[in-house]
Amino acid sequence: MNRLEQRDFLKEIDFTPEDLTYLLNLAAELKAAKKARREPKFMRDKNIVILFEKDSTRTRCSFEVAAHDQGAHVTYLGPSGSQMGKKESLADTARVLSRFFDGIEYRGFDQKIVEELAAYAGVPVWNGLTNQFHPTQILADLLTIQEKFGRLEGIRFTYMGDARNNMGNSLMIGCAKMGLHFTACAPSSLFPAPELVEKAKEFAAASGGSVTLQKSSILNADYGLAAQITDKTNQLGLCGTLLLTSADDYTVADLEKAKTTLTGVGTLGFLGGKLVNDAGKAETLVVDASTSGGVITSGTNITSGTDVVGKADGN
């Protein structure tokens, strides 16, 4: 249990693939032990505080339940529950909380806040979400992929949506570190910061993975889509999704060129533009997945900004 003892967990960049593998293996062991009702209490009689500047159902519940399962006591401080950044500086808050607690979890806004907390705290600080990174969520995602596929290396992972946000950033770094082939499918205006992309590509080169930013109109079937995630609140689905990402308009001919991509697709969606006919007027389509490659016909109306625009064979 002491490999990462007293370490902060602020972003994936700070950890080696071996560190992340250790955390994933430990998580898998504790998950199995909990199911068997034999989970060891490594944090018995410890006290942790979860400091939330931004509310969340799942983050709060997961941290509290995990802490209780490990034998720790939890104090929750919500958006109005502390003087941090108001009557007390971040440095003062970090020092005071360190005197009461054995660990601090922070969920909030700018990454600089959690970094400053960690700089002044005398106990480990864990990032439950900032605007830039969401490392604990990515550990959960990687564990899920490992459980479903039996491995991480070589998996083709596609993220569709705002690739510059915390999930896009953390997934890109996490996948690159662990040898996955990561594709961000988004308009170029929503790509991650160039310096972060370069860092991710360095990690991928070392791990045998890859990082691709996909901005063409149609997501090519070559990416495989073994695993897929979207940042949309109304989820497009974890599998069988084809997403059109250009802000340009599309013609039926454009989609016909990608018919093979439509095989087995469960949902068709797009992030910008609209389907038009040769005269530039709004067009309609239906994806028929009953034949190899998919057949595009008229039927379902598409309007600009719609997330789900057609149904195929419902994966």
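How many helices and strands are there in the protein? The predicted model holds 8 helices and 15 strands, where helices (H or I, at least four residues) and strands (E, at least two) are DSSP runs numbered from the N terminus. Residues are numbered from 1 along each chain as its sequence is written, and side-chain values use heavy atoms, with hydrogens and water left out. As this is a predicted model, local features need pLDDT of at least 70 and side-chain atom pairs count only at pLDDT 80 or more, while totals for chains, interfaces and linings use all residues.

**View 1**
Let us start with the overall numbers. Of the 315 residues in the protein, 47% are buried (buried is under 20% relative accessible area, exposed over 50%, partly exposed in between; 1.4 Å probe, protein chains only). The accessible surface is about 15300 Å², and carbon and sulfur atoms hold 50% of it (Shrake-Rupley method, 1.4 Å probe; for residues, only the protein chains shown count as cover). Among contacts with a separation of 6 or more, 69% join residues 24 or more positions apart; contact means heavy atoms within 4.5 Å.

**View 1. The nonpolar cores.**
In soluble globular proteins, nonpolar side chains tend to be buried together. Here the largest nonpolar core has 36 residues, and Phe157, Leu180 and Phe182 have the most contacts inside it. Such a core is a set of buried Ala, Val, Leu, Ile, Met, Phe, Trp, Tyr and Cys residues joined through side-chain atoms within 4.5 Å. Two or more residues each come from helix H1 (17-35), helix H5 (135-149), strand E5 (156-160), H6, strand E6 (181-185) and helix H7 (194-207). H6 gives the largest share of this core, 6 residues. A second, separate core has 18 residues, including Val49, Leu77, Phe101 and Leu117.

**View 2. Where H1 crosses H5.**
The two helix axes come within 10 Å and cross at roughly 70°; axes are lines fitted to C-alpha atoms, for helices over the stretch in contact, with angles from 0 to 180 degrees between N-to-C directions. H1 and H5 are therefore roughly perpendicular to each other (65 to 115 degrees; under 35 is roughly parallel, over 145 roughly antiparallel, the rest oblique). H1 contributes Leu20, Leu23, Leu24, Asn25, Ala27, Ala28 and Lys31 to the contact, and H5 contributes Leu139, Leu142, Leu143, Gln146 and Glu147.

**View 3. Leu142 in helix H5.**
Leu142 lies in H5 and is buried, at 3% relative accessible area. Beyond its neighbours within four places in sequence, Leu142 is in contact with Leu24, Leu152, Gly174, Met178 and Leu180.

**View 4. Ser170 in helix H6.**
Ser170 sits in helix H6 (residues 166-177). Is Ser170 buried or exposed? With 0% relative accessibility, Ser170 is buried. Apart from neighbours within four places in sequence, Ser170 is in contact with Glu12, Phe133, His134, Pro135 and Ile138.

Most residues other than glycine have a negative phi. Gln6, not a glycine, has a positive phi of about 70°. Gln6 is in the segment before H1 and is exposed, with a relative accessible area of 54%. Arg37 also has a positive phi, near 60°. Arg37 is in the loop between H1 and strand E1 (47-52) and counts as exposed at 79% relative accessibility.
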